[in-house]
Amino acid sequence: MVMTSHSAATAANPVLRVAPASPAAAAAYFGASLAFHADVSDVAAALAADGDPGFVVLDSRSTASWDQGHIPGAVHLPTALLPEQAAVLLDPAVPVVTYCWGPGCDGATRAALALAQLGFHVKEMLGGFEYWVREGFAYETWEGGARRAADPLTAPVDAADCGC
């Protein structure tokens, strides 16, 4: 096999060592990803808008974690209690957006799986509570409301949104 300069460069390039998916496959994958995930900024914008956002936010962490900080208006339902309490606390006609601590925790994924298995429409909020706080959105603790300045590595400091 004769290698062209393009194929030699591609073979040496770790990004392109595995070729990108076809545009159709990429569209299917990324479209599916958006069906399963929401980001912190979009959740915050929907909750801040006037009226019903059309979904409920569910914090799947422990009570101690909830007390340390949670999204205002979120429903607190630890993952272990979902099978017994989801039907009591949640309306199956209303989509649920789950969150846990952050990107290093898959608790929101486990909660989303449990809810889907119970028949709920569900999305996972990427970034979890960590990115909610890091992006400068208000949160509540057992002591009351709190808010931190936006982390310039996670959110624009002087703009309403990141433009994406």
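In the predicted model, a polar atom of the H76 side chain lies 2.8 Å from the backbone oxygen of R61. The side chain of H76 also reaches the backbone oxygen of S62, at 3.4 Å. H76 is located in strand β3 and, with a relative accessibility of 21%, counts as partly exposed. Beyond its neighbours within four places in sequence, H76 is in contact with D59, R61, S62, T63, W66 and L89.

Strand β3 belongs to an open sheet of five strands, arranged in the order β1-β5-β4-β2-β3 with parallel pairing. The edges of the sheet are formed by β1 (37-39) and β3 (75-76), each of which pairs on one side only. Within the sheet, β4 and β5 run parallel and are joined by three bridges. In one of the pairings, T98 has E124, in β5, as its bridge partner.

Helix α3 (residues 40-48) lies across β1, β2 (56-59), β4 and β5, and runs at about 75 degrees to β1. The N-terminal end of α3 is capped by D39, a side-chain oxygen of which lies 3.3 Å from the backbone nitrogen of S41. Buried positions in α3 are V40, V43 and A44. Viewed down the helix axis, the buried residues of α3 fall within an arc of 100 degrees and therefore line one face of the helix. These buried residues pack against β1, β2, β4 and β5, and also against α7 (128-134).

In helix α6 (residues 107-117), the buried residues are G107, A108, A111, A112, A114 and L115. Their directions, seen down the axis of α6, fall within an arc of 165 degrees, so these residues line one face of the helix. Such an arrangement can be read against helical geometry: an α-helix has 3.6 residues a turn, so residues three or four places apart point the same way. The buried residues of α6 pack against α5 (82-89), β4 (96-99) and β5 (122-126). Helix α6 is followed by G119, which has a positive phi, near 95 degrees.

C100 takes part in no disulfide, and the nearest cysteine sulfur, that of C105, is 3.3 Å away. Because a disulfide requires sulfur atoms within 2.5 Å, the separation of 3.3 Å between the sulfur of C105 and that of C100 is too far for a bond. The accessibility of each cysteine was also computed: C100 counts as buried, at 4% relative accessibility, whereas C105 counts as partly exposed, at 26%.

A further buried position is T154, which has a relative accessibility of 18%. T154 lies in the segment after β7 (144-146). The T154 side chain reaches the backbone oxygen of R134 at 3.2 Å. With neighbours within four places in sequence set aside, the contacts of T154 are with Y131, R134 and E135.

Technical notes: Residues are numbered from 1 along each chain as its sequence is written. This is a predicted model: local features need pLDDT of at least 70, side-chain atom pairs count only at pLDDT 80 or more; totals for chains, interfaces and linings use all residues. Side-chain values use heavy atoms; hydrogens and water are left out. Buried means under 20% relative accessible area, exposed over 50%, partly exposed in between (1.4 Å probe, protein chains only). Helices (H or I, at least four residues) and strands (E, at least two) are DSSP runs, numbered from the N terminus. The arc is that of the directions from the helix axis to the C-beta atoms. Contact means heavy atoms within 4.5 Å. Two strands pair if DSSP finds at least two bridges between them. Axes are lines fitted to C-alpha atoms, for helices over the stretch in contact, and angles run from 0 to 180 degrees between N-to-C directions. A polar contact is a pair of N or O atoms within 3.5 Å; within protein, one must be able to donate a hydrogen and the other to accept it, and residues adjacent in sequence count only if both atoms are side-chain atoms.
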